[in-house]
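I opened my notebook to record what I looked up in this structure, entry by entry. I kept the sequence and the model beside me as I wrote.

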Amino acid sequence: MTTKNPESEHPSVTLFRQYLRICTMQPNPDYGAAIAFLEERAHQLGLSCQKVEVLPGYVITVLTWPGTNPALPSILLNSHTDVVPVFKEHWHHDPFEAFKDSEGYIYARGAQDMKCVSIQYLEAVRRLKSEGHRFPRTIHLTFVPDEEVGGHKGMELFVKRPEFQALRAGFALDEGLANPTDAFTVFYSERSPWWIRVTSTGKPGHGSRFIEDTAAEKLHKVISSIMAFREKEKQRLQANPHLKEGAVTSVNLTKLEGGVAYNVVPAAMSASFDFRVAPDVDMKAFEKQLQSWCREAGEGVTFEFAQKFTEPRMTRTDDSDPWWAAFSGACKEMLFSCRNLKLEPEIFPAATDSRYIRAVGIPALGFSPMNHTPVLLHDHNERLHEAVFLRGVDIYTRLLSALASVPAMPGES
C-alpha cells in the first residue's frame, strides 16, 4: 500500500487522512480494511501484531512495543476503529474523502472521534523509536470494534479474555473530547449508561370514549416523573458553576411506541429513555426510584434495561498517584505559546470503552489533545485542524515517554 504525500503536507497528516478514508461507519463498518491498515503500520514500525477475535467478525488488533523490563505492568493505549453514521446532505464535503480546506481543516467522520488519536499514538511511537528511545514499560496499542454501539462485541468481551490478561496493563489511555478553550480536558471517570424501556398496559377501546386506566395515561405519569427529575438535575447543574455536566445524572426521552390506529385506544404503549448516571449515585437506590415511579403510575407499568452499567470507577488525580503525577507532570512541562498545557479534569458525560478497563481494576484517563476546537463528535461536518492534530502527536510523544518510564511501584515485580 502506498501513501501519497502532497507537497508541503506533513507525513503524519497524510497518514491520518488515509485512515479517515476507510469507511468503518456503523452499522456495516469495513473492519477488514482497518485491520489491514493497522497490520501495515505494525510492519513499518517494527511492532508485533496480534489479532484477537472476540466474536466472529469482531477483532481486536494489538500492536506491541516491548519494554526493557517486561516484568513491569504495561501501558495500554486504546482506540476504537468504528465511527457513527452520517447524513451526507448536511456535509460540506464527502465525510469519507478526508477533504482538507485551504485553512487546514480536515473534514471527515472520525476526525475527532477518534481516528485522530489512533494515528497520534502510532506517530508518537514512530518518533520515539526513530530517536532510539527505549522505556522500561511495554506499550500496547489496542484498536477495538463496536465502541460506537456500546462496546458489547469489543472491549467488554476483550477485558475478560486471557489475551487481555496477558497484556498485564497497569495504566490506560483512551478517548476524550475536544475543548473550545485553551485548556485540555482529561477524564478520570464517566457516567454509566442506563437505557430503559418503560411499558404501560391498560384498557383498550374506541377512540371516542373516555376510557379509564389507559396505557397512555399511566405512561404519561411515568414520563412526567422522569422529566421532573431531569429538570431537577438540570437546575442543579446550572445553579453550581463548579459542576460539570458529567457530575449530574442526565436523561432524555428517545423513543415512543404504541398504537395501531387513530380511533383505537391501545392496550400497551412504551417509552424509551437514555439515562447517564453520575458515578457517585447509589445505583441500587436509583433503580428503586425507577421502580417507584412505575408503581405510582398504576398497575401494569414495568421497565426493562436495554443497557445497564453498574461498575463506575474513578481514576485518581492527586499528585501522590504515580500515574497521574507522570501524566500531569509531562503536561506541565510542555509549553505552548509560553503557557503551560492547562488540564481540566472532569467526569466524561457520555460513555467510552474506558469504563470496561476501569471496571477490571486498571486506572484509565480519557484524553484527546484537541484544544481551541469545537466539540463536533457525531455532528455534521466533523473536522479537525491539521495543526491541532500535529500538536497532539507532540503531546503524546511526551506523555508516552513519561508514562512508560514510571518506576516500579510497591507490589510490582
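Predicted model: local features only at pLDDT ≥ 70, side-chain atom pairs only at ≥ 80, totals over all residues.

**Entry on α3 and α10.** Are α3 and α10 parallel, perpendicular or oblique to each other? In general, I describe two packed helices by the angle between their axes and the distance between the axes. Helix α3, residues 115-130, packs on helix α10, residues 386-403, at an angle of about 55°, and their axes lie 8 Å apart. Angles of 65 to 115 degrees would count as roughly perpendicular and those under 35 as roughly parallel, and α3 and α10 are therefore oblique to each other. I also wrote down that α3 passes α10 in a right-handed crossing. On the α3 side the contact includes Cys116, Val117, Ile119 and Leu128, and on the α10 side Val388, Phe389, Tyr396 and Leu400 are among the residues that take part. When I sorted the residues of this contact by class, they divided into twelve nonpolar, four polar and three charged.

**Entry on α8 and α10.** The crossing of α8 and α10 is right-handed. From α8 I listed Trp323, Ala326, Phe327, Ala330, Cys331 and Glu333, which meet Arg398, Leu399, Ala402 and Leu403 in α10. By class, this contact of α8 with α10 has eight nonpolar and two charged residues, and no polar ones.

**Entry on α6 and α7.** Next I looked up helix α6, residues 215-239, and helix α7, residues 283-297, whose axes come within 8 Å and cross at roughly 145°. Their crossing is right-handed. The contact draws on Lys218, Lys221, Val222, Ser225, Ile226 and Phe229 of α6, and on Phe286, Trp293, Cys294 and Ala297 of α7. I counted by class again and found seven nonpolar, one polar and two charged residues in the contact of α6 with α7.

**Entry on the domains.** I then stepped back to the whole chain, which is divided into domain 1 (11-190 + 314-405) and domain 2 (192-278 + 280-308). The centres of domain 1 and domain 2, taken over C-alpha atoms, are separated by 35 Å. Twelve residues from domain 1 and nine residues from domain 2 make the contact. Between the two domains an area of about 720 Å² is buried, and carbon and sulfur atoms give 57% of it. Which three residues supply more than any other three of the area that domain 1 buries against domain 2? I found that they are Glu346, Ile347 and Pro349, which supply 46% of that area.

**Entry on the backbone.** The peptide bond from glutamine 26 to proline 27 is cis, with omega near 10°, and proline 27 is found in the loop between α1 (11-20) and α2 (31-45). Another cis peptide bond runs from aspartate 113 to methionine 114, with omega near -15°, and methionine 114 is in the loop between β5 (105-107) and α3. Histidine 372 is not a glycine, yet I noted a positive phi of about 50° for this residue, which is found in the loop between β18 (364-367) and β19 (383-385).

Note on methods:
Residues numbered from 1 in each chain as written. Heavy atoms only, no water. Axes fitted to C-alpha atoms, helices over the stretch in contact; angles between N-to-C directions. Helix = DSSP H or I, 4+ residues; strand = E, 2+ residues; numbered from the N terminus. Left-handed = near helix turned anticlockwise from the far one by under 90°. Contact = heavy atoms within 4.5 Å. Nonpolar A, V, L, I, M, F, W, Y, C, P; charged D, E, K, R; others polar. Parallel < 35°, antiparallel > 145°, perpendicular 65-115°, else oblique. Domains from an automatic or database assignment. Buried area = accessible area lost by both parts, 1.4 Å probe.
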